[in-house]
Amino acid sequence: MEQRNELYFTTGEFAEILGVKKHTLFHYDEIGLFSPAVKEENGYRYYFVWQMDAFEVIRALQRLGMPLGEIKAYMQERSPGLFLKMMDQQERQIDQEIKRLRSMKQFIRHEKQNVQEALDVRLDEPYLVRREECWLLLSDVKGREERKLAEEIAQHVRLWEQYRVTQSAVGTICLGQDLDQGKYNRYVCVYSRITRPVAGLKT
């Protein structure tokens with residue numbers, strides 16, 4: 001390799017230049033994702049200078065969250081058309097993740113508000129609080145025993161997880177006449193706040 005020293009790097013040199021560990025390069029070679037340009041019989045491995053471009057492509061795709069298997073498939077058949085198709089797919093996944101994170105942030109904000117208000121309330125008597133108008137996902141409560149109620153709440157949570165319309169705590173709804181009689185644990189519905197109505201669901 002003496003005549004190639006200026007254009008080729010050992011595994012250690014290549015890893016240092018790119019800011020990665022040698023183990024990463026070994027692993028990429030093992031799975032067929034990124035291999036040295038030269039493998040000599042004595043075990044020495046050399047990377048060609050222009051391989052840095054391919055490695056940076058791999059690293060950029062990893063930052064987008066792509067699995068190594070998908071990156072390998074792309075690197076084997078790189079083309080502008082395939083790249084655009086792949087980026088469209090990644091953009092859709094990122095949009096879904098942004099939507100999920102916004103829902104989580106909204107959940108955190110609501111729960112912080114609920115806890116803060118709970119710190120200031122009296123626990124020995126009911127009281128009314130005015131809320132802004134919003135959509136609620138409702139599930140009827142048929143059972144009276146705690147076990148049955150817990151099962152129905154769990155079914156309610158699975159429902160909004162299925163439709164991904166909310167990330168909210170579960171509340172309960174009582175009839176006014178029951179509250180007037182001091183029956184505070186007789187529930188007719190459980191609910192969660194939702195961001196939009198969904199066809200086929202009770203809101």
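1. Contacts come first: counting pairs at least 6 apart in sequence, 56% of the contacts in the protein join residues at least 24 apart. Contact here means heavy atoms within 4.5 Å.

2. A word on the source: this is a predicted model, in which local features need pLDDT of at least 70, side-chain atom pairs count only at pLDDT 80 or more, and totals for chains, interfaces and linings use all residues. Residues are numbered from 1 along each chain as its sequence is written, and side-chain values use heavy atoms, with hydrogens and water left out.

3. Now the overall layout. The protein has 7 helices and 6 strands, taken as DSSP runs (helices H or I, at least four residues; strands E, at least two) and numbered from the N terminus. Along its principal axes, the C-alpha trace spans about 95 × 35 × 30 Å.

4. Next, have a look at helix H2, residues 22-30. Which of its residues are buried? They are Leu25, Tyr28 and Asp29, where buried means under 20% relative accessible area, exposed over 50% and partly exposed in between (1.4 Å probe, protein chains only). These residues sit on the same side of H2 because they cover an arc of only 100 degrees around the axis; the arc is that of the directions from the helix axis to the C-beta atoms.

5. What covers that buried side? Among the elements covering the buried residues of H2 are helix H1 (11-18), strand S3 (45-48) and helix H3 (51-63). On the face turned away from the buried side you will find the exposed residues His23 and Glu30.

6. Finally, follow the chain just past H2: Gly32 takes a positive phi of about 80 degrees there.
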